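Student: Could you walk me through how to read this structure?
Tutor: Gladly; let us look at it together.

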Amino acid sequence: MPFFVHESAFVDDAVSIGDATKIWHFCHILSHTRIGCQCSFGQNCVVGPKVVIGNGVKVQNNVSIYEGVEIEDDVFLGPSMVFTNVINPRAFVVRKTEFKKTLLRRGCTVGANATIVCGVTIGRYAMIGAGAVVTKDVPDFALVTGVPAKQIGWVSQAGNRLVLDENGEALDPYDNSRYRLSGGRLMTL
């Protein structure tokens with residue numbers, strides 16, 4: 001199935017869009033951006049230039065994804081969440097050569113109105129709570145909230161909060177997946 005672009009959206013030249021991707025009202029996809037298959041962009045999103053987005057990514061309304069951001073497969077970006085790409089912006093200082101890379105790893109979720117400060121990596125299947133301000137890397141499966149964001153727990157691949165037993169292990173009853181905390185990192189068993 002080919003991709004869909006609403007008639008009110010703009011797609012610049014030199015953009016690659018995968019099959020079954022949907023780009024809705026008032027979006028703008030800038031040049032040299034690559035978007036995978038089966039993605040969805042809600043209304044009023046801006047992407048690029050030179051952004052790379054994997055397959056199965058869901059971008060809710062009012063999200064701008066700037067140059068320097070890379071998004072792996074199956075990532076969810078909540079409504080009105082924010083990316084930055086320069087640490088110390090000034091209107092009168094050009095810093096286009098100073099864009100910091102921000103990486104969102106496979107399956108992570110960023111809640112509504114959260115801010116991701118440039119230069120960080122959000123780990124696989126991590127969950128960023130609504131309104132959080134992420135200023136440092138987030139480990140795989142971590143649950144972070146607050147301003148600045150701090151880790152308050154762990155989530156499963158399905159996004160459920162995990163309760164670790166005395167051995168540092170947890171079971172997600174949703175899909176019976178098992179996890180173990182080892183060396184400060186949560187891993188699937």
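**An aromatic cluster and its surroundings**

Tutor: Tyr125, Phe141 and Tyr179 form one aromatic cluster. This is a predicted model, where local features need pLDDT of at least 70, side-chain atom pairs count only at pLDDT 80 or more, and totals for chains, interfaces and linings use all residues. Residues are numbered from 1 along each chain as its sequence is written, and side-chain values use heavy atoms, with hydrogens and water left out.

Student: How should I read a pair of aromatic rings?

Tutor: In general, a pair of aromatic rings is described by the distance of the centres and the angle of the planes. The rule takes rings of Phe, Tyr and Trp (its six-membered ring) as paired if their centres lie within 6.5 Å; planes under 30 degrees apart are stacked, over 60 edge-to-face, and the rest tilted.

Student: How many aromatic pairs does the rule give here?

Tutor: The count comes to 3 aromatic pairs. One of them joins Tyr125 and Phe141: the ring centres are 5.7 Å apart and the planes stand at 20°, so this pair is stacked. Tyr125 sits in the loop between strand E18 (121-122) and strand E19 (127-128), and Phe141 in the loop between strand E20 (133-134) and E21, so the pair ties together parts that are 16 residues apart in sequence. Strands, by the way, are DSSP runs of at least two residues (E), and helices are runs of at least four (H or I), numbered from the N terminus.

Student: Is Phe141 buried or exposed?

Tutor: Buried means under 20% relative accessible area, exposed means over 50%, and partly exposed is in between (1.4 Å probe, protein chains only). At 0% relative accessibility, Phe141 counts as buried. Phe141 also pairs with Tyr179: the ring centres are 5.4 Å apart with planes at 70°, so that pair is edge-to-face. Tyr179 belongs to strand E24 while Phe141 is in the loop between E20 and E21, so the two parts tied together are 38 residues apart in sequence. Tyr179 is buried, as is Phe141, and Tyr125 is buried too, with a relative accessible area of 12%.

Student: What about the backbone? Which values deserve a second look?

Tutor: Most residues other than glycine have a negative phi, and most peptide bonds are trans. In this model, the peptide bond from Gly48 to Pro49 is cis, with omega near 10°. Pro49 is in the loop between strand E8 (46-47) and strand E9 (52-53). Val147 and Pro148 are also joined by a cis peptide bond, with omega about -10°; Pro148 is in the loop between strand E21 (142-145) and strand E22 (150-154).

Student: Where does Asn113 lie, and what is its phi?

Tutor: Asn113 is in the loop between strand E16 (109-110) and strand E17 (115-116), and its phi is near 65°, a positive value in a residue other than glycine. Asn176 also has a positive phi, near 60°. The loop holding Asn176 runs between strand E23 (169-172) and strand E24 (177-182), and Asn176 is exposed, with a relative accessible area of 55%.

Student: How do I read the surroundings of a single residue?

Tutor: Ile71 lies in strand E12 (residues 69-71) and is buried, with a relative accessible area of 2%. Leaving aside neighbours within four places in sequence, Ile71 is in contact with Val52, Ile53, Gly54, Val57, Ile65, Leu77 and Leu104. Now take Ile87, in the loop between strand E14 (82-83) and strand E15 (102-104). Ile87 counts as exposed at 52% relative accessibility, and, with neighbours within four places left aside, it touches Lys100, Val117 and Cys118.

Student: And the overall picture: how many helices and strands are there?

Tutor: The protein has 0 helices and 25 strands. Of its 189 residues, 40% count as buried. Among contacts between residues at least 6 apart in sequence, 15% join residues at least 24 apart. The C-alpha atoms fill a box of roughly 55 × 45 × 20 Å, taken along the principal axes.

Conventions: Contact = heavy atoms within 4.5 Å.
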